[in-house]
Structure formats: structure tokens, C-alpha cells
Amino acid sequence: MNSRDRFLKAAHLEKTDRPPIWLMRQAGRYLPEYRALKSKYDFITLVKTPELATEITLQPLQRFSLDAAIIFSDILVIPEALGQPYSFRDGGGIQMEYCITSKAQIDALDDSAIVEKLNYVSEALKLTKQSIGNDKALLGFCGSPWTLACYMIDGGSSPDFSRTSQFAERNPKEFFLLMEKLSQSIIQYLNLQVDAGVDCVQIFDSWASVCTPENYHSQSLQWIKAIITGLKKPIPVILYAKGMNHCLKDQLKTQAKILSLDWTISLTDACAETNNQCALQGNLDPSFLTSDPQTVKEKTNAILKMSESLNGYIFNLGHGMLPTAKVECVEALIDTVTNYRYG
Ligand code: CP3
């Protein structure tokens with residue numbers, strides 16, 4: 001079974017010889033070869049130059065035997081394409097060029113020519129696909145409208161995104177307009193990724209937990225559902241909603257085929273909650289990759305054992321790789337998963 005088949009089978013709830021594995025933010029700061037490129041170019045240049053984005057996408061695959069590649073890019077390319085650029089704060093975190101506070105600013109977001117403006121992602125995907133062929137799965141991604149709105153309204157990283165929840169509460173009509181604009185742009189963006197050859201896409205709703213369970217549907221899930229149903233080809237969609245394990249059943253209603261879990265629920269409980277109706281992905285705590293190879297092996301084996309009873313399971317971290325992850329721990333993780341066999 002090649003890696004791409006293994007990935008697609010697991011995504012479609014079919015048994016595999018072992019779980020496929022890829023890692024969230026696999027092309028991150030923990031790899032010296034990534035840091036070497038980062039010392040020559042700024043992040044946005046790396047994202048916008050297809051040859052460089054392809055090179056970074058392939059870096060983890062050259063080092064480790066992963067089953068899938070996720071394109072090197074960022075969720076914030078959408079606000080950037082709409083006219084709200086981003087940068088990085090010196091102390092870490094995202095800084096948007098301005099905060100959205102008014103209807104006039106929402107109206108001014110330019111959602112024309114999304115496909116043209118994001119053509120560099122299409123080029124990077126095609127180059128990556130040429131290189132990996134059909135041996136490995138190729139993943140695209142986007143941020144959820146809610147998570148993008150968090151950065152756009154709060155103006156960057158925030159401990160609680162309280163400006164966003166207040167804006168949504170106090171200005172429901174304006175908020176609706178923003179979500180509509182974001183959702184329509186994301187549909188075009190994901191369809192661009194489908195045309196460029198992705199096998200699957202992941203929607204990152206990293207700040208879903210800012211929503212109350214009562215508001216979760218109207219502020220986030222309904223827009224995710226609109227995006228999934230707007231895809232031109234029925235490729236499997238992975239939904240990652242950090243901190244929302246109490247709403248897994250609601251997430252299934254978006255028609256996502258795979259739910260990606262953080263590390264605050266056991267696979268067994270998540271499987272019971274979703275009735276084994278969808279494939280699951282995750283849920284190793286990324287901080288274990290800063291410990292030692294033996295600890296990583298034990299924690300990984302515990303998850304693998306629990307995954308035996310699932311219909312479809314994809315190994316991954318519960319969130320993105322930390323910059324302090326140790327390469328020898330990543331190696332131990334991948335060796336443990338790729339040498340495992342389902343009984
Ligand atoms: O695996 C991959 O490398 C795929 C590419 C990828 C990146 N960002 C590259 C990146 C993906 C899938 C993302 C998603 C992303 N970006 C999310 C959703 C996932 C999550 O982390 O919750 C979010 C919220 C963002 C926005 C963003 N971009 C943040 C919060 C940061 C970190 C800022 C900081 O200073 O800590 C980034 C930067 C970023 N995006 C890096 C990478 C490899 C690190 C850049 C660097 O320092 O070199």
C-alpha cells in the first residue's frame with residue numbers, strides 16, 4: 001500500500017495496515033533546513049515564491065517517511081488577498097495592518113480576483129505534486145471564516161479575541177457580511193487547490209473555543225458547512241477545531257469527513273462521541289516532542305493502541321509543531337507509527 005492510498009483509505013473509513021502519518025506545521029521552525037531558508041528570506045516571500053514554498057513543503061518528506069505533504073503557506077493569505085496584510089510581532093505572534101471595526105472596512109475588503117491573487121499557491125501545489133507524484137497524499141488548507149475573523153477584527157494574535165466576540169454579538173449584520181465575504185473567498189481558494197491537485201484539505205478553526213456552544217453554529221460551523229458544500233469535487237475535508245471536543249457531533253454536521261482532535265480528549269472517548277461515523281486524526285500533545293525519544297515512543301504507542309478500534313485513523317499532533325520540538329523526538333514518533341501494524 002503506498003502512502004497516498006493509505007491516507008485516502010483512512011480518510012474514507014477503510015482499514016489500513018497502519019495509520020498514515022503527517023504532522024501539523026511539519027515545515028516549521030524545528031528544522032535547521034527551514035531555518036536556513038528563513039535566514040535568507042522573510043516568511044511572506046517564502047509563502048509567495050512557488051519554488052521556495054515547494055522546497056519547504058518537501059523538506060520534512062526528505063528527512064522523514066511521512067505519508068502526506070501539507071503545502072507550505074499560511075491561513076492569513078486570505079485576509080492579505082482581501083487587502084488586510086499581516087506581519088509578525090517582534091516578541092512573537094501575528095500583527096494585522098489594521099483592526100476591522102466598521103462596516104465601511106468590511107465593504108472595502110476586495111474579494112475580486114481571489115484566484116488570480118492566490119495563483120502563487122496554485123503554482124506551489126502543482127510543483128509539489130510534480131515532485132511527489134501519486135506516492136504521497138497532498139494536502140491543502142485554509143483557516144475557517146471565524147478564525148480568520150478573529151485575526152482581522154482583533155488586529156492580530158490575542159489571548160482571548162474578545163474584540164471579535166463582542167463585534168459579532170453587537171453587530172450581527174456586519175459580522176454576517178464579513179463571514180459571507182470570507183466564506184465565498186475561501187470556496188474559490190479551496191477550489192483553486194482542488195484544481196491544482198490536492199487530495200484532501202484541512203480547515204483550521206484554531207480559535208473555535210472563543211465561541212460559546214450556543215454561538216458555535218451561527219458564528220463558525222454554518223460557514224464551514226457552506227465551504228465544504230461549495231467544493232467542486234467531493235474530496236475529504238478534515239476539520240480541526242481546537243478546544244471544541246464538547247461539540248464533536250455538531251462538527252460532523254458540517255459534512256467534514258475527518259475530525260482532527262487536540263490532546264484534551266482520548267481517542268476512545270472521541271470515537272464513542274462520534275459513533276465511529278467519521279475518521280479521526282490527532283491527538284498527540286505537541287509538547288511531548290520537546291521531551292525525549294523514549295517518552296515519545298510510549299505516548300505514541302498508547303494512542304496507536306486506542307486507534308485499533310477506529311474505522312479510520314490518521315496519526316497527527318493535537319496542534320502545530322512547537323519551534324522547540326527535537327528532531328530526534330520527531331524521528332522516534334515517525335518510526336513508532338510507521339513500524340506499527342494493526343492486528
Ligand atoms: O505544516 C506546515 O508547515 C503547513 C503550513 C502552515 C503554516 N501555518 C506555516 C507557518 C499551516 C497549516 C499554518 C496554519 C496556521 N497559520 C494557523 C492554523 C493552525 C494553528 O496553528 O492553529 C494559524 C492560526 C496561522 C497563523 C500563524 N502563522 C501563526 C499564529 C503563526 C505563528 C506566529 C508566531 O510568531 O508564533 C504563523 C507563522 C507560521 N506559519 C510559521 C509557519 C511554518 C512559523 C514561521 C516562522 O517563524 O518561521
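These legends walk you through close-up views of aromatic rings in a predicted model.

**View 1. Trp-146 meets Phe-175 in an edge-to-face pair.** By the pairing rule, the count comes to 12 aromatic pairs. In this one, the ring centres of Trp-146 and Phe-175 are 5.9 Å apart, and because their planes stand at 65°, over the 60 degrees needed, the pair is edge-to-face. Trp-146 belongs to helix H9 (residues 145–154) and Phe-175 to helix H11 (residues 172–195), so the pair ties together parts that are 29 residues apart in sequence.

**View 2. Phe-161 and Trp-207 form a tilted pair.** Here the distance is 5.0 Å centre to centre, with 50° between the planes. Look for Phe-161 in the loop between H9 and helix H10 (162–170). Trp-207 sits in the loop between strand S5 (200–205) and helix H12 (216–229), so this pair ties together parts that are 46 residues apart in sequence. Phe-161 counts as buried because its relative accessibility is 1%, under the 20% cut-off. Trp-207, with a relative accessible area of 25%, is partly exposed.

**View 3. Five residues form one aromatic cluster.** Find Tyr-34, Phe-43, Phe-72, Tyr-86 and Phe-88 here: together they make up the cluster.

Technical notes
Residues numbered from 1 in each chain as written. Predicted model: local features only at pLDDT ≥ 70, side-chain atom pairs only at ≥ 80, totals over all residues. Heavy atoms only, no water. Phe/Tyr/Trp six-rings, centres within 6.5 Å; stacked < 30°, edge-to-face > 60°. Helix = DSSP H or I, 4+ residues; strand = E, 2+ residues; numbered from the N terminus. Buried < 20%, exposed > 50% of the residue type's maximum accessible area, 1.4 Å probe, protein only.
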